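Q: Could you take me through this structure feature by feature, giving the general idea before the particular case?

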Amino acid sequence: MARLVVVSNRVASPRERAAKAGGLAVALREALSQRGGLWFGWSGETQVNPPPPKVFRSGRVTYALQDLDPDDQRAHYAGYANGTLWPLCHYRLGLLSFRRSDWEGYRRVNEHFARAMLPLLKPDDIIWVHDYHFIPLAAELRNLGFTGRIGYFHHIPWPTPEVFLSLPSHAALVGDLSHYDLVGLQTEDDVRALLTYISSEAHGWIAPGGGVGLNDRRFRVVAYPIGIDAEAFVKDARASVGKEEEKRLKASLAKRALAVGVDRLDYSKGLPGKFAAFGDFLARYPEHRSKMTLMQIAPLSRSEVAEYQALRRELEELGGAINGEYAEFDWVPLRYLNRPFPRATLAAIYRNARLGIVTPLRDGMNLVAKEYVAAQDPENPGVLVLSRFAGAAHELSGALLVNPYDVEGMADAFHRAFTMPLEERRERWRANMDQVEKTTIHSWCEDFLADLSQVSDHFG
């Protein structure tokens with residue numbers, strides 16, 4: 001079995017506990033441990049003229065952490081990756097900022113990573129690159145002479161050709177993708193968007209099964225919907241029953257129903273619309289006042305960026321207005337929390353929530369939706385209210401799908417979910433849970449690596 005090399009912007013430390021590291025980090029670590037492997041990524045540190053990567057070993061996994069030049073890191077991460085690609089892929093063109101200096105810094109970091117990696121590589125290694133920070137990495141490695149198999153997985157949405165064409169560097173970026181052997185996307189819609197661009201704009205050819213010919217290169221584009229560690233999440237949810245945290249939660253609710261949202265504080269998550277919909281729900285369905293509490297957990301994200309600071313202020317104002325309008329002396333309708341919680345705590349909250357509200361404006365998959373489903377009590381499950389623009393909407397047929405731009409429509413969905421009969425809740429949950437158990441983080445990892453291992457070693 002060939003050695004696996006994983007490349008990602010963030011590297012989970014071997015000392016980081018599974019509950020904190022998250023499902024993706026755990027699955028990648030398992031795959032590396034099974035094959036023996038190397039995990040390469042940014043150290044989180046910056047310095048002028050950065051030295052070679054810090055390399056250390058834990059079990060069968062070697063970790064290589066690379067410092068970056070501070071100017072390059074800013075241009076790469078805050079500039080092009082998150083100032084250009086993130087809003088582009090989430091259809092927020094009004095927030096897109098493109099500077100040639102950021103694009104050049106993005107490419108410099110990818111070239112620097114390739115040069116730092118090369119001495120650590122073996123000719124028969126299989127390399128798996130993760131996410132939009134490193135789209136050009138395969139091209140840089142090919143330029144340095146690496147001819148082994150390289151796969152790429154894009155964790156966020158891929159935009160339609162009409163949106164993608166607004167990116168000044170669109171042609172170069174897709175040219176970079178052609179140096180991978182396998183490109184994985186979250187959904188068939190994402191695959192269709194990329195293949196349409198390749199055929200119509202880049203004048204490549206498309207073969208059955210996602211085969212692509214472009215710039216004398218041959219590669220495949222395939223959908224691999226990412227999942228969660230369903231078994232572990234079910235175990236955590238069951239273990240929470242009767243524990244101290246669940247008792248505290250139930251005592252604080254005073255027998256009222258709970259609706260929960262868990263989202264990183266990001267403009268793609270549709271949080272202002274969710275708050276507005278909850279306010280509309282309380283206004284138009286007064287019979288539910290003092291009977292349900294919305295808990296929104298939104299850990300801070302990129303808090304140094306102006307757009308995120310403005311979003312935080314907007315949510316605080318909206319939340320304050322809702323509570324000011326509808327709160328009673330013994331009931332606060334909206335609990336808004338800006339800190340993360342351990343997986344076991346989240347599992348307890350999910351299990352006790354009558355509604356799970358996941359309403360991003362655009363999302364590659366959204367694993368919170370799947371976690372909420374996995375945590376439910378099969379005998380008395382809650383209802384998932386899910387944006388049709390989340391990748392998970394293609395899989396979770398039992399969810400109530402909503403348009404996150406339709407505030408009144410979301411409020412109506414909250415009412416329908418809150419009043420849904422038990423039998424319908426069970427049927428919807430079962431349909432969702434069957435899919436969650438079928439497509440797990442482990443099967444996702446195995447399927448991608450199996451396909452990557454079978455690609456040809458020939459590079460044109």
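Predicted model: local features only at pLDDT ≥ 70, side-chain atom pairs only at ≥ 80, totals over all residues.

Q: Is Thr84 buried or exposed, and what does it touch?

A: The general idea is to look at the relative accessible area, where a value under 20% counts as buried. Thr84 is buried, with a relative accessible area of 0%. Leaving aside residues up to four places away in sequence, Thr84 touches Gly79, Leu96, Ser97, Phe98 and Leu167.

Q: Which loop holds Asn49, and how accessible is Asn49?

A: Asn49 lies in the loop between strand E2 (37–46) and strand E3 (54–58). Asn49, which is not a glycine either, has a positive phi of about 50 degrees, and at 67% relative accessibility Asn49 counts as exposed.

Q: How should I read a residue in a strand, such as Val61 in strand E4?

A: Val61 lies in strand E4, residues 61–68, and is buried, with a relative accessible area of 2%. Beyond residues up to four places away in sequence, Val61 touches Arg29, Leu32, Ser33, Gly37 and Phe56. For a view across the chain, Val61 and Arg302 are 241 residues apart in sequence and 30 Å apart in space, C-alpha to C-alpha.

Q: What is the corresponding description of Leu315 in helix H12?

A: Helix H12 spans residues 306–326 and contains Leu315, which counts as buried at 0% relative accessibility. Residues up to four places away in sequence aside, the contacts of Leu315 are with Leu265, Leu271, Pro272, Phe275 and Tyr336. Leu315 and Leu396 are 81 residues apart along the chain, and their C-alpha atoms are separated by 28 Å.

Q: Where is His394, and which residues does it touch?

A: His394 is found in the loop between strand E15 (383–387) and strand E16 (400–402). When residues up to four places away in sequence are not counted, His394 touches Thr187 and Asp189. The C-alpha atoms of His394 and Pro225 are separated by 9.4 Å, although these residues are 169 places apart along the chain.

Q: Which residues of helix H9 are buried, and against what do they pack?

A: In helix H9, residues 230–239, the buried residues are Ala230, Ala232, Phe233, Val234, Asp236 and Ala237.

Q: How many residues does the largest nonpolar core have, and which have the most contacts inside it?

A: The general idea is that, in soluble globular proteins, nonpolar side chains tend to be buried together. Here the largest nonpolar core has 64 residues, and those with the most contacts inside it are Trp39, Trp128, Tyr350, Leu384 and Leu386. A second, separate core of 56 residues includes Tyr132, Phe146, Ile156 and Ala193.

Q: What does Trp39 touch?

A: Not counting residues up to four places away in sequence, Trp39 touches a set of residues that includes Val6, Val11, Ala25, Leu28, Leu32 and Tyr63. Also among its contacts are Ser8, Arg10, Arg29 and Thr62.

Q: How many helices and strands does the chain have, and how compact is the chain?

A: The secondary structure comes to 17 helices and 16 strands. The radius of gyration is 23 Å, close to the 23 Å that the globule rule gives for 460 residues, so the chain is as compact as a globular protein of that length. Taken along the principal axes, the C-alpha atoms fill a box of roughly 70 × 45 × 45 Å.

Definitions and conventions
Residues numbered from 1 in each chain as written. Heavy atoms only, no water. Core = buried A, V, L, I, M, F, W, Y, C linked by side-chain atoms within 4.5 Å. Buried < 20%, exposed > 50% of the residue type's maximum accessible area, 1.4 Å probe, protein only. Contact = heavy atoms within 4.5 Å. Helix = DSSP H or I, 4+ residues; strand = E, 2+ residues; numbered from the N terminus. Rg over C-alpha atoms; globule rule 2.2 N^0.38 Å.
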